Amino acid sequence: MPSPHLQYMRKCLSIAEQSPPRPTNFRVGALLLSRKEGNLTTEDDEILSTGYTMELAGNTHAEQCCLSNFASVHSTPAERIAEVLPDVPGRKLILYVTMEPCGKRLSGNLPCAKRIVQTRAGGRRGIQKVYFGVKEPGTFVGQSEGCQMLTEAGIEWELVQGLEREILSVATAGHENREDEVRAALEGIETNLDDVSDEERQRQQQIPRNPKKRMMEVNLSI
């Protein structure tokens, strides 16, 4: 059973490639969906919206465009998106994005992490979990603050490992020191098996295992 998180991260990566390369932006892709609670597969998922960096006018980020696109379809201002997001019993809203949502913006625009938090305005459940493929590099704003903001708002987040190089290569297209940026970011990534979430561990336990491999493990333990 392939990881649904990697599947969606690849979709987000494909979306990110639609973003124009710029020296002052990361090319990022985002995807908002509704998922049945407790479901570790994608069978019942419903994709609600997508977005990529600079898809909309101005210096817009992927998460911003994704949420604005959904609000626009429902003829609602982006800042009031919480009013039109679905809140269905037994389902939850999940955001996939190639890079950690920003917690600070030099332009003065509202950071993406705060936009995600706004989906819970008025006591609504809003977006309940965010999956991303890499932490935000410190190229533009220094130490990232997005995850901290999400945690403080009670929104779960999880780093999905496995596509770091691809995500960073797409994100930094158009940057003058692209190769150095990617290299530095990859050097800062440490793969730790303890970081695997309970959800992912449950998914792996459901994968049918090779009987011969089980036999080998038994023999090795004797």
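Trainee: Okay, and where does the model come from?
Mentor: It's a predicted model, where local features need pLDDT of at least 70 and side-chain atom pairs count only at pLDDT 80 or more, while totals for chains, interfaces and linings use all residues. Residues are numbered from 1 along each chain as its sequence is written, and side-chain values use heavy atoms, with hydrogens and water left out.

Trainee: Back to the rings. How many aromatic pairs does the structure hold?
Mentor: There are 3 aromatic pairs. One of them is Tyr96 with Tyr131, which is stacked, at 4.9 Å centre to centre and 15 degrees between the planes. Tyr96 is in strand β3 (residues 91-99) and Tyr131 in strand β4 (residues 127-134), so the pair ties together parts that are 35 residues apart in sequence. Strands here are DSSP runs of E, at least two residues, and helices are runs of H or I, at least four residues, both numbered from the N terminus.

Trainee: Are Tyr96 and Tyr131 buried or exposed?
Mentor: Both Tyr96 and Tyr131 are buried. Buried means under 20% relative accessible area, exposed over 50%, and partly exposed in between (1.4 Å probe, protein chains only).

Trainee: What about the whole chain?
Mentor: The protein chain has 8 helices and 5 strands. Of its 222 residues, 45% count as buried.

Trainee: New topic: helix α1. Which of its residues are buried?
Mentor: Pro4, His5, Tyr8, Met9, Cys12, Leu13, Ile15 and Ala16.

Trainee: And why does the span of α1 agree with what it should be?
Mentor: The expected span is 1.5 Å times one less than the number of residues. Helix α1 (residues 4-16) has 13 residues, so it should span 18 Å, and its end C-alpha atoms are 18 Å apart.

Trainee: Last one: what's Ser68 in contact with?
Mentor: Leaving aside neighbours within four places in sequence, Ser68 is in contact with Leu56 and Ala78, where contact means heavy atoms within 4.5 Å. Ser68 lies in helix α2 (residues 62-73) and is buried, with a relative accessible area of 16%. A polar atom of the Ser68 side chain also lies 2.8 Å from the backbone oxygen of Gln64.

Conventions:
A polar contact is a pair of N or O atoms within 3.5 Å; within protein, one must be able to donate a hydrogen and the other to accept it, and residues adjacent in sequence count only if both atoms are side-chain atoms. Rings of Phe, Tyr and Trp (its six-membered ring) pair if their centres lie within 6.5 Å; planes under 30 degrees apart count as stacked, over 60 as edge-to-face and the rest as tilted.
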